[in-house]
Amino acid sequence: RGIAVTIWGAAVLAFGVRMWPPIPYYHKLTAKEKDAFMAILRSQKETHETLIIRCPNADEKLCVTATDFLEMFQRAGWKTPTGGIERGVYAKAVTGISIAKKPAPGTVDPNNPDMGLWVLQSPSLMTIKKAFDSIGMTTIRQAGQDLDDGVIAIYFGPAP
């Protein structure tokens, strides 16, 4: 009987793990997750680079999510040029969270998707990546040729 109960329990557990819906990519963060996120942002001793938080024009729900993150960055002492988020349309659609910074000098062929430029992995860039990793959100790092020196752009695209 003990073996049968164990097998039955394992089967129910396996079924539950397989069928249980995953946590949505963008979800309401718990107080503990917010605290962990902001603690990592506050831990950076070097001067913070300026942030631009972006979201798509046509997705109000995603812009609300971006605003929630903007406020956590602001509470942790990070600055934005306008104090708000920027809405926009982008040349290439990107899912999830992408973090961009001005690349090293060079020219990129816009029709070659395998070509890119090196981006300095600054303390601010690494701190932001670590903060998102702490709450289970992976990020994509990109070169943002339209950005000024000392500026990092965080783009909230649709969930992957």
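Author: In this predicted model, helix α1 covers residues 2-19, and its 18 residues reach 26 Å from the first C-alpha to the last, close to the 26 Å expected at 1.5 Å a residue. Helix α1 is hardly covered, since the count of buried residues among its 18 residues is zero.

An α-helix has 3.6 residues a turn, so residues three or four places apart point the same way.

Just after α3, Gly77 takes a positive phi of about 95 degrees. Gly77 is also among the residues touched by His48, the others being Leu41, Ala76, Trp78 and Ser124, when residues up to four places away in sequence are not counted. His48 itself is placed in the loop between α2 and β1. With a relative accessible area of 25%, His48 is partly exposed. The C-alpha atoms of His48 and Val151 are separated by 9.4 Å, although the two residues stand 103 residues apart along the chain.

These details belong to a protein with four helices and five strands, arranged along the sequence in the pattern α-α-β-α-β-β-α-β-β. The radius of gyration of the protein is 20 Å, well over the 15 Å that the globule rule gives for 160 residues, so the protein is more spread out than a compact globule. Its C-alpha trace spans about 70 × 40 × 30 Å along the principal axes. Of the contacts with a separation of 6 or more, 80% are accounted for by residues 24 or more positions apart.

As for the surface, 34% of the 160 residues count as buried. The accessible surface comes to about 10,300 Å², and 60% of it belongs to carbon and sulfur atoms. The protein carries 18 positive and 15 negative side chains, and the centres of these two sets lie 9 Å apart.

Terms used:
Residues are numbered from 1 along each chain as its sequence is written. Side-chain values use heavy atoms; hydrogens and water are left out. Helices (H or I, at least four residues) and strands (E, at least two) are DSSP runs, numbered from the N terminus. The radius of gyration is taken over C-alpha atoms; the globule rule is 2.2 Å times the number of residues to the power 0.38. Buried means under 20% relative accessible area, exposed over 50%, partly exposed in between (1.4 Å probe, protein chains only). Contact means heavy atoms within 4.5 Å. Accessible areas come from the Shrake-Rupley method with a 1.4 Å probe; for residues, only the protein chains shown count as cover. Lys and Arg count as positive and Asp and Glu as negative; His and the chain ends are not counted. The place of a charge is taken as NZ of Lys, CZ of Arg, CG of Asp or CD of Glu. The expected span of a helix is 1.5 Å times one less than its number of residues.
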